[in-house]
Amino acid sequence: MLNKSFVDVPADHPFPIQNLPYGVFSPRGQTPRCGVAIGDFVVDLAMLVNAGLLTHREVDLRSAFEAPSLNEFMAMGKPVWHDVRRRLQELLGEHTAVLRDDPSLRARAFHRRDSVEMHLPAQIGDFTDFYSSRQHATNVGTMFRDPANALLPNWLHIPVGYHGRSSSVVVSGTPIRRPLGQTKPADAPPVFGPCRLLDFELEVGFFTGPGNALGHAIPIEDARDHIFGLVLVNDWSARDIQKWEYVPLGPFLAKNFATTISPWVVPLEALEFCRVPTGTQEPEPLPYLQGDEEGLFDIKLDVAIRAPKMKAPHVVGRSNMRNLYWTMAQQLAHHSVGGCNVRPGDLMASGTISGSEPESYGSMLELAWRGTRPVKLPDGSERTFIQDGDSVVMTGYAQGDGFRIGFGEAEGTVVPAREG
Ligand code: MN
């Protein structure tokens, strides 16, 4: 892609013309609407529609982009996503004059990204979180069960997941209140109080497109057409609450207090160039999970901590989305195979993405190995879990030839628990 924009975007910037991630923003004092990011700007899509520059013969883009969420656009499906993206690349390209040479139009359509407020990109109907990194599942199994049988017998056959809570998914920058809950000290009755083992989980999630009718399934060969785009996800986790509650039905209050996502949804089409082969899956998955070759993505992922006195976040974990075992298409095929309907704007996350090296783990539980190997920060302090006042910052990008497809960041700062 030799595409270049009239907007100046440095080679290491997350939002070049090859990216054009979608988000929901409000210019100062105005209502939320849909936009795309390019360089340090947000382009107002509703404004482009109203100026007659962005139209589609089959769908009503005005209604879609004037909305305070991307759900309507997500429902329109891959052919429309493709057409709109191609038109935006044309409008923002260096050889197209209509915006480039019209300062007054540009002043209305472009907002500086640091001057707008970002919102959740979609009204999220349902949130599902998978558990698709083999290293992560192995690490957790090793710590809490038996190193020799770290993976449970179903793990290599089923893309394991749990149904999460969509009401508490928040956009980057939203403060995270330390949860209260029940924990169980060893050899003592359970107690109620603030979580003491607060953790992050470094994940990538995808928003779904048209979806399927109840009682039908999304076959794996169609699954990619139902993936609108990707965001960074921090699945905040209260490890002490989780330990006491998770048997027999899995995580509940340990996960439902907050999930942070990055505000910009990177279109799947912008990431096709960084697809990498699906890893070896042995034993062979059942037929409905087969056939997703090149189902993984070479996307670098960092998680960093900034303690209150630190100027910049310090990277504590470096992972990559290619470390996943199950692909997004397999997750979606599995999710729907029993007839569960997926709707536009549902969010499905990968599960903690851990690589094989200790510095590539995606949670404090693993990085500090259940509290036994504290992580040192540049201010001289140590962390085994996340403290009040700490900010957790996740970033990610795919490196192209002369450009980067970045995700921006998913940031959350922890504030003290409510008075119990
Ligand atoms: Mn998770």
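Author: The donors of the manganese ion are spaced D-x71-E-x1-E-x31-D along the chain. This is a predicted model; local features need pLDDT of at least 70, side-chain atom pairs count only at pLDDT 80 or more, and totals for chains, interfaces and linings use all residues. Residues are numbered from 1 along each chain as its sequence is written, and side-chain values use heavy atoms, with hydrogens and water left out.

Reader: What makes D129, E201, E203 and D235 donors of the manganese ion?

Author: Distance. Donors are N, O and S atoms within 2.8 Å of the metal (3.2 Å for Na, K and Ca); water is not among the atoms, so sites may look incomplete. D129 (OD), E201 (OE), E203 (OE) and D235 (OD) coordinate the ion at 2.1 to 2.2 Å.

Reader: Why is D129 called buried?

Author: Buried means under 20% relative accessible area, exposed over 50%, partly exposed in between (1.4 Å probe, protein chains only). D129 has 1% relative accessibility, so D129 counts as buried. E201, at 4%, therefore counts as buried too.

Reader: How do you know that K78 and D225 form a salt bridge?

Author: The term needs a side-chain nitrogen of Lys or Arg within 4 Å of a carboxyl oxygen of Asp or Glu. The closest N and O atoms of K78 and D225 are 3.1 Å apart. The pair qualifies as a salt bridge. Between domain 1 and domain 2, the count is one salt bridge.

Reader: Where do domain 1 and domain 2 lie?

Author: Domain 1 covers 22-119 and domain 2 covers 127-415. These bounds come from an automatic or database domain assignment.
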